[in-house]
Structure formats: C-alpha cells, structure tokens
Amino acid sequence: SSVTPAAFTPSHAARCASGRRATTSTTMTMTTTTRAVAARSTDGDDDGANANAPLRVSRRCATWLTAAALATSSRPRAADGAQNDLIARVRAKSFSKPVFNSSKPRAQTYPAWLAGEWDATVDFAGYEFPSAVPKEVLAREPTVPGFQKLSLAFIPDVGSDRRGYRMRFVQTAKGDVVEDRAFNLTEVQRAYLARDDAVDGVEYDPDVDPNRTTIRYKSGVTNNAERIELFTNARESETRASDGTFFASEAFRQVTLGYSTTYGVARVQPTDYQHVWTYTPLEDPNEDREGVVNRVKVTLSTAGYVQPNDALKLTAQAAPRANANAAPVPQVGAASSLAFEPVVLYSHVMTLTRVGCVP
C-alpha cells in the first residue's frame with residue numbers, strides 16, 4: 001500500500017534564507033584508524049577437539065558442523081548486480097540474501113539531484129513475517145535483526161514513533177555524488193537515542209574501504225552496544241525510467257559489540273540484513289530551475305536474516321514432534337533455505353526536504 005508523504009509548504013526562497021543548522025561538535029571528516037575487530041570469527045565456537053583422539057561427535061559439535069554446512073549447501077543468487085533486475089525483485093518482495101560477489105562492492109553513487117543537505121522525517125510503515133517459521137517462534141529469538149535496539153544501525157529502534165534528522169550527500173573530486181555516511185549515521189543515532197552526545201565517532205573512509213564503517217558510542221549511553229562494525233557484502237542500484245526513482249540496495253553484516261553479564265567477556269552479536277532505499281524526486285511548483293529537486297519521497301525496505309545455527313534451532317522448534325516429550329530435531333533442508341531467505345521484512349517511509357540552496 002502506498003503512503004502519502006507529509007505535506008510540503010515552504011518556498012524555495014524561504015529554504016535558502018533559512019540557511020544551514022548550527023550543529024554541535026561532530027566529526028564530519030572521513031577518518032581511518034587501525035581497528036581490531038574481535039567479531040570476525042564469531043559465527044561458531046571452538047570445542048578444542050584433539051586431532052589424535054577418536055572421532056566422537058557431540059550434539060553441540062554436530063549442530064555446529066551442520067550449521068557450517070548450511071553456508072555452502074544452498075545456492076543463493078549472485079550479488080554482482082549483473083542481472084540488473086533490482087526493481088523487479090523489490091516489486092515482488094524477493095529479498096534472498098546476496099552473498100556471492102565477483103569483486104568487492106564499489107562505493108554507491110547517487111543521482112546529481114540528491115547532492116546537498118536534507119531534513120529527513122521517518123515513519124514506521126509496517127512489518128511482515130514471510131518465512132515458514134511461525135511468528136510466535138520467531139518472537140522468542142532476540143537475534144533476529146530489528147528485534148533489539150541498535151541491531152539495525154540505520155534504524156536503531158524499529159517500530160518507534162516518527163524521527164527527524166539531517167542527511168547529506170556530497171560531491172567528490174571526480175564529480176560523483178556519494179552519501180556522507182559518517183554524518184548520516186551520526187545523525188541517525190542521535191535521533192533514535194534522543195541524545196546529541198550519543199556517538200563518540202563514526203569512522204568511514206570510502207577511498208580506503210567503502211565497505212566498512214565503525215560506530216562508537218559514548219560510554220553509558222546504551223546497554224545494547226558499545227561499538228558497531230558494519231561490513232557491506234553487496235550493492236546494487238537501478239533507475240526507473242518512468243519517474244526517475246533511484247533504487248539502491250546494500251547487504252550488511254553488522255557486528256554489535258557491547259557489555260555482557262560475564263565479567264571480562266564482551267557481547268558479540270552478528271546480524272545479517274539488506275536495506276533497499278528508493279528515492280523519488282517530487283515536483284515543486286516553486287522551483288523553476290531545470291534539474292533541481294527540493295523534495296524527495298523515500299521508502300526503506302529491510303529484509304532481516306537469521307544466522308545458520310539459528311536457522312537450525314528455529315526449524316527444530318517449529319517442526320512437528322512424535323510426542324510432547326520428544327527432543328526437537330533440526331530440519332537441515334528447511335534450515336538451508338531459511339538461512340538465505342528473510343524471516344522478517346520492515347517498511348519505513350521518509351520525506352526529504354532540502355535545506356538551504358543547491359550546492
């Protein structure tokens with residue numbers, strides 16, 4: 001169902017006269033640092049098996065091995081954008097996890113009319129549970145993306161009331177328009193955590209690595225995360241000729257690091273999800289310059305996936321049992337599909353209103 005964006009009334013002249021907002025101290029420059037990421041090998045655990053000992057597979061080890069096998073047993077679609085059918089897949093709500101790349105994803109470039117700074121308003125528009133796993137089973141699984149605060153860096157609190165913040169797209173020396181990700185993610189965290197000092201810093205340098213972002217939170221601001229590491233696994237984009245809508249898809253592995261209940265042990269939670277943004281330029285009767293856009297309607301579709309070991313657990317819980325006392329049995333075939341298909345879909349709608357004059 002379509003959602004009508006909020007009404008727009010200010011004229012272009014009023015917008016230009018309003019100028020840019022005076023912001024509190026924030027790191028706007030792209031920075032690089034050497035960071036040790038403790039989460040790069042957190043998908044499984046080491047049972048400390050002795051290579052010379054007789055082969056004995058415990059239930060725990062068997063579960064881990066089966067989960068690892070799921071990563072290669074399915075054949076999800078390629079993520080190199082060669083199919084160029086992003087619009088068709090969005091229309092069909094086909095959001096299989098993109099995991100195979102012919103090369104590292106390049107930084108996303110945007111239409112020239114998005115360059116500049118924008119006031120953004122965001123509204124939650126709904127959710128779906130498209131998988132075969134019953135929603136009451138999913139509801140008990142806290143690792144599903146979006147079920148806990150900050151498990152989705154771009155939407156830190158899914159289902160919350162309307163939020164407003166600034167967004168910025170800048171022009172590079174080569175003339176490309178790119179997202180100012182450090183600025184945008186800082187603004188998003190401030191808005192959803194309702195604190196101007198929520199973020200200690202966002203580290204992102206597209207010239208060095210456009211596929212990695214680090215968000216550091218001020219100590220004590222939230223119990224859900226001390227740091228977030230974002231890794232982009234795939235990007236796609238496409239423009240719809242009929243109305244100029246720009247589609248941009250990005251698949252993320254997010255690793256959330258924070259405090260745990262065990263002394264000296266950090267909480268490390270990986271989540272996989274895909275965001276698809278659509279940017280539709282809207283007509284402005286007060287604008288007579290060709291190619292200038294002052295209002296944009298944005299939709300954000302989010303597909304959340306479960307980890308392979310969680311897929312085993314969820315399919316075991318959902319499978320019928322011979323009797324009430326029987327132990328749950330993992331359904332490997334079902335888990336193989338579940339690991340690469342979304343278990344939850346979220347929808348948000350946004351309105352962008354240009355701040356100041358076109359850069």
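A: Happy to. Sixteen residues line the largest cavity, and those nearest its centre are Phe154, Tyr165, Met167, Glu179 and Trp277. This is a predicted model, in which local features need pLDDT of at least 70 and side-chain atom pairs count only at pLDDT 80 or more, while totals for chains, interfaces and linings use all residues. Residues are numbered from 1 along each chain as its sequence is written, and side-chain values use heavy atoms, with hydrogens and water left out.

A word on how the space is found. Rolling a probe the size of a water molecule over the atoms shows where empty space is left. Here, a cavity is a set of points, on a 1 Å grid over the protein atoms alone, where a 1.4 Å probe fits but cannot get out, and a lining residue has an atom within 4 Å of a point. Grid points are joined across faces, edges and corners, and the volume is the space filled by probe spheres set on the points. Counted this way, there are two cavities of 30 Å³ or more, and the largest has a volume of about 140 Å³.

Elements are DSSP runs numbered from the N terminus: helices are H or I with at least four residues, strands are E with at least two. H5 brings the largest share, four residues.

Let us stay with H5 for a moment. This helix has 13 residues and spans 18 Å from its first C-alpha to its last, close to the 18 Å expected at 1.5 Å a residue; the expected span is 1.5 Å times one less than the number of residues. Of its 13 residues, 12 are buried, so the helix is mostly covered. Buried means under 20% relative accessible area, exposed means over 50%, and partly exposed lies in between (1.4 Å probe, protein chains only). Among the buried residues of H5 are Arg181, Phe183, Leu185, Glu187, Val188 and Tyr192.

Phi of Ala194 is near 60°, a positive value in a residue other than glycine. With a relative accessible area of 67%, Ala194 counts as exposed.

Strand S2 also deserves a look, because Arg168 in this strand is buried, with a relative accessible area of 18%. The side chains of Arg168 and Glu117 are joined by a polar contact of 3.4 Å. A polar contact is a pair of N or O atoms within 3.5 Å; within protein, one must be able to donate a hydrogen and the other to accept it, and residues adjacent in sequence count only if both atoms are side-chain atoms. Another arginine, Arg212, sits in strand S5 (residues 212-217). Arg212 is buried at 11% relative accessibility, and its side chain makes a polar contact of 3.4 Å with the side chain of Glu229.

S8 supplies the largest share of its lining, three residues. Residues around this second space include Pro142, Gln148, Lys149, Asn224, Arg267 and Gln269. By class, the lining of the second largest cavity has three nonpolar, seven polar and two charged residues.

Finally, the wider setting. The chain has seven helices and 10 strands, and 46% of its 359 residues count as buried. Contact means heavy atoms within 4.5 Å, and of the contacts with a separation of 6 or more, 69% are between residues 24 or more positions apart.

Notes:
1 Å grid on protein atoms, 1.4 Å probe; cavity = no way out; pocket = protein on both sides within 12 Å on 5 of 7 lines; lining within 4 Å. Nonpolar A, V, L, I, M, F, W, Y, C, P; charged D, E, K, R; others polar.
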